[in-house]
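Biologist: I would like a close look at the charged side chains here, and at how they pair up. Could you walk me through them?

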Amino acid sequence: MYGLCSDSLPNMAEPDHNNEPQSPPSEFEEVNASDSNYSEAEIIDSDWHFELENVLNEGFVDQGIIKSVCKCRNLPEKFRSRVWKICLNVANRGNSMSSWDGKLDLLTDDDLRADCTAAVESTFDEEMHNIVAKGQMIDDLVAVVTYYCKCRAVKYHTNNGWMDILRPLVKLQLERSDLYNCFYALQSRYIPRTDLSPQVSSMPFHLLRLLLLYHDPEMCNFLDTCKISMESFTNKWFSTLFSTQCSIEIASAIWDIYLQQADPFFVFYLSLVILVNAKEQVMTTVGANKLNQEETITTLENSPSVLSIEDVDDFCQLATYYCNRTPSSFKRDLGGCFYSGAMVATSSKVDFMASDLAQSFCLKVSIPELLLSSQPSSEDASDDDNGPRIRFFVVDCRPAEKYNKGHLLTAFHLDATLMLREPTEFDAALTSLFAAQEQAIQAGSTAGGEHLCFIGSGTDDEDQYMYMVVANLLQKHQTYVSVARGGYASLLDYLTEVGIDLSEWIVGAECPVVSQKKGNQLQPDQQHAVTKRAIMGALMKKVAGNVVERTMHLKEKVSHFIETTDEEWSGERKGKYKGNNAQKGADGVFSIGDENEHDDEDVAREDQEVTYNTSEIDDLDVWKSKPDVKYCFECQSVSEDRRLVSAHLLVTTTEMRCLVEVKPRKGRRLTKQIFVKARPPRLLCTVIKITSRKSFPELITFKFGDLEQMESDEEARVVAADRYILPDAGGTTRSIKQLIVEADVKRQEDREKKTSSNDSKDEDQPSTSKENT
């Protein structure tokens, strides 16, 4: 075998030392000698091609072996027919058409033959095949479709997509029996069924919408707003596996990977990739009023046509990416409803699943998958070879009293009724929820995950508030949002049915716990289970809290993220307004230091004496348009009772002011306007300390001193403090710091001028008195 490495290429050009005549180089050698940059990827491809050929010639081979060798890559054309038959499990199947009498007696025979002729002619060039071969292919197609219609008791229609499915198979020049077996396998295992009621036939389109809502709620909400249904542009995607929009070469390349995946739901993730990639183009064009609804549907429907053969690999890899980041329990539940080759479900179950899917607010996760996600493990386990296991952050939306009686060990509590009763507290609860989620993820806890799974009571009356919370998050384009199927009631039923001790998963005031009686020793595995449960319980108690009284639940949880800290970043005002010290120490106004842990308590107690008499409601733009305004930062103000209020921090050259958002009054219909109430201003020159928490860097505290003490060169005492949650805390504090330094310098200059003026008046006073005398 000739070496293909570039280091060996120069030796191939050296003359033979025996002076024997050189034999003509082979075609393989000419490629190596002429192309010194022969890619390593092509070498690797040749290696797995040889391995695939050897595997195919060995005898027994199945889809798993094919996938391990090919690794979901495009197949060489010479191996495609053999590999497809293996992946479709029809390689060793006999002639299924042997019992057919050969009668072509369908009512649509004329239309069928015309469609088969057009399919063959569009597949092959006339110069490559003679009339006899082409006629044989047409006869095979007619026979296959006729026998399929009789076996399945279905009718043939020109627009049902069968010809587009058959064209890539005809390209392989299969025998009639193999052609029928492959077509039958594709139709039953990979094409969603349409032979049931319209409600059931529309289930795949409802599922695709939920998947898009799970990964890209913005695009899904856009299509809903435009009243564009999934069925209007994805019908041909599902019925032909993209062979209608793509050429035979590209469709065959997609099918290479599709059949190796052996996942009938893979078409949903391929469709998801197309929609996500078309999002920017469609939303931008429609936003500019350049397309109407019909044109938008046409644009979306033809989106797969832009794929090239080089894009297929990335296209399928992206689909695998979304597949690995999607809960998979729906596949087991819906397989029998979607595909005729799966285990046939009862009609009542199919109708129930169709109705449930059509009415779902978001994707639903089964209880077993939820519990599997919550299992602690020393390594990142996976359900299969596709990727790591999904981790859920479970949010229990039941009332507080029910949550405290018993809840899933890893569940975080969120009172869903707050959304209507106390909107401000609800916003604060969401802030603490996302902070707890991030903390659990960073800690590597099994209770933490990027995916939010809400669990309710399992009854429509109580869960309506939970669905309002879910809808609110989806409107804000929150990704990875799901609900637990059946709620907490199904969780208890499942644990009881499989015989699992409830105390291993459920905690609460009325939940049984594992205890050790005096004199009895637990087994090592039982001790490990108790220890593991204690560790997880302590972690979730730290993250979410386990309060008893409903009124204290939210306040304590929010306070955990606002007050609890390991370390603070702080800086104190150095200047005493003496000479130019303020200007010289400008770089050191804010420094890393320690702060008295009781300082905040003193400030809060004294700050309560300050009255915040709000001014009249005004438009935020009016405040921003004032000439002396330098910055206006969107933020959340932390009130004295630890409640979060949407606000804007307005900063001028001399002062800072908190503008609290309020709801527009009746009669104001401009929704884009933001109305605010202004709190009393704080002078920048009175800021003596700015602190932030290392565990919560977005929480910034501004501490203010007494102006009279600062002007009299006394050591300033903290008399007030304002707390804000700023998204860009670093940039905001740097901007305010610069204005504080400038205000200090200006203040110092004014004091010096005032002092000089007073001194001159004192010097002139005696002479004036003497003259008067």
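Modeller: Let me begin with Asp 178 and Lys 85, whose side chains meet in a salt bridge at 3.4 Å, N to O; the term means a side-chain nitrogen of Lys or Arg within 4 Å of a carboxyl oxygen of Asp or Glu. Asp 178 belongs to helix H9 (residues 176-189) and Lys 85 to helix H5 (residues 77-87), so this pair ties together parts that are 93 residues apart in sequence. Helices here are DSSP runs of H or I with at least four residues, numbered from the N terminus. Asp 178 and Lys 85 are both buried, where buried means under 20% relative accessible area, exposed means over 50%, and partly exposed is in between (1.4 Å probe, protein chains only).

Before going on, a word on the source: this is a predicted model, in which local features need pLDDT of at least 70, side-chain atom pairs count only at pLDDT 80 or more, and totals for chains, interfaces and linings use all residues. Residues are numbered from 1 along each chain as its sequence is written, and side-chain values use heavy atoms, with hydrogens and water left out.

Next comes the salt bridge between Lys 150 and Asp 105, at 2.8 Å from N to O. Lys 150 sits in helix H7 (residues 131-152) and Asp 105 in the loop between H5 and helix H6 (109-123), so parts that are 45 residues apart in sequence are tied together. Lys 150 counts as partly exposed at 34% relative accessibility, and Asp 105 is also partly exposed, with a relative accessible area of 48%.

Asp 356 and Lys 364 form another salt bridge, their closest N and O atoms being 2.8 Å apart; both of these residues are buried. There is a network too: salt bridges that share partners join Asp 216, Glu 218 and Lys 279. The structure holds 16 salt bridges.

Some charges belong to a patch instead. Glu 310, Asp 311, Asp 313 and Asp 314 form a negative surface patch, a term for residues with over 30% relative accessible area and no salt bridge, like charges being joined within 9 Å. Of these, Asp 311 is placed in the loop between helix H16 (293-301) and helix H17 (312-324), and is partly exposed with a relative accessible area of 32%.

In H16 itself, the buried residues are Thr 296, Ile 297, Leu 300 and Glu 301. Seen down the axis of H16, they fall within an arc of 135°, so they line one face of the helix; the arc is that of the directions from the helix axis to the C-beta atoms.

How values were computed: Patch = residues over 30% accessible without salt bridge, like charges linked within 9 Å, V, L, I, M, F, W, Y side chains within 5 Å. Areas by Shrake-Rupley, 256 points an atom, 1.4 Å probe, with all protein chains shown as cover. Lys, Arg positive; Asp, Glu negative; His and termini not counted. Charge placed at Lys NZ, Arg CZ, Asp CG, Glu CD. Helix = DSSP H or I, 4+ residues; strand = E, 2+ residues; numbered from the N terminus.
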